Amino acid sequence: PFLYTLHDIEILKVAGRRLIDVLGIAHDAKTVNLFPYAPHLAFWQVTMAGLAHGVMVIGTGGGRVSSTEANIQLIERLSAECIVGVPSYVYHLLRRGARSGARFTKLKQVVLGAEKITEGLKDKIRETCAELGAPNVHVFGTFGFTEARMAFAEMPAAQSTGYHLYPDLGLFEIVDPKTGEVLPDDADGELVYTPLDGRGTIVMRFRTGDVVKGGIRYERLPQFGGVVPRLSAEISRVS
């Protein structure tokens, strides 16, 4: 188990506010959180983001707690503008909704996390959203892991700009997967993480097992306005 103190919960809220800013979610956007309940980082990151930013977030626990049909009805009745969840389940729900004739006409954003996210899957989700009456949906990936106790997001763009990191909260390094030797930030290699603030359960130079193609980039993005490190979205497992 990874334990959180009240200080860590506050950091989770800070990360949540930054996620919403990067994703461009409006303050009045009605959001349905489809991540599973229990001690699941993704569920709590979304919940704390909503609390910190004042965004309406309704958690359903995914398909195990509230049925897929009930989730579809909720999104439709609520006229939800954003849904958040595990990629495979979100795609399953959208396809079920399209087959049943549901209309998600207000849907603007689909945010995915907790599984590998490919550009092909993003395209399929956009196509299915169009069938549901939402032809202009942005589909985003997020990256997080239990040991970081926070998540990082992509910004709205035609092609992924990578995951925007928080250099005041955590240090990322790229290392050789075989030797552990530190590599240049923009090299291909395994991701290593050290938190710079936190209490509870802390890891130091944690080898994530994630191999990143393209490493970490620093160039300015005109559409974002700021300069923060960005982790390439091309991530796979060492194993």
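Buried means under 20% relative accessible area. The legends below describe a predicted model.

**View 1. Strand E3, residues 82-85, is covered on both faces.** In a regular strand the side chains alternate between the two faces of the sheet. In E3, Cys82 and Val84 lie on one side. Ile83 and Gly85 lie on the other. These four residues are all buried.

**View 2. Strand E1 pairs with E3.** E1 covers residues 31-33. Three bridges join E1 to E3, and the two strands run parallel. Look for Val32: this residue stands opposite Ile83 of E3.

**View 3. Strand E4 also pairs with E3.** E4 covers residues 109-112. Four bridges link E3 to E4. This pair runs parallel too. Which residue of E4 is the bridge partner of Val84? The partner is Val111. Between E3 and E4, the chain passes through helix H4, residues 87-100. This β-α-β crossover is right-handed.

**View 4. Cys82 and Cys129 form no disulfide.** The structure holds zero disulfides. For Cys82, the nearest cysteine sulfur belongs to Cys129, 11 Å away. A disulfide needs the two sulfur atoms within 2.5 Å.

**View 5. Cys82 and Cys129: buried or exposed?** Cys82 has 0% relative accessibility, so Cys82 counts as buried. Cys129 also has 0% relative accessibility, so Cys129 counts as buried.

Key:
Residues numbered from 1 in each chain as written. Predicted model: local features only at pLDDT ≥ 70, side-chain atom pairs only at ≥ 80, totals over all residues. Heavy atoms only, no water. Buried < 20%, exposed > 50% of the residue type's maximum accessible area, 1.4 Å probe, protein only. Pairing = 2+ DSSP bridges. Right-handed = clockwise from strand over helix to strand, strands pointing away.
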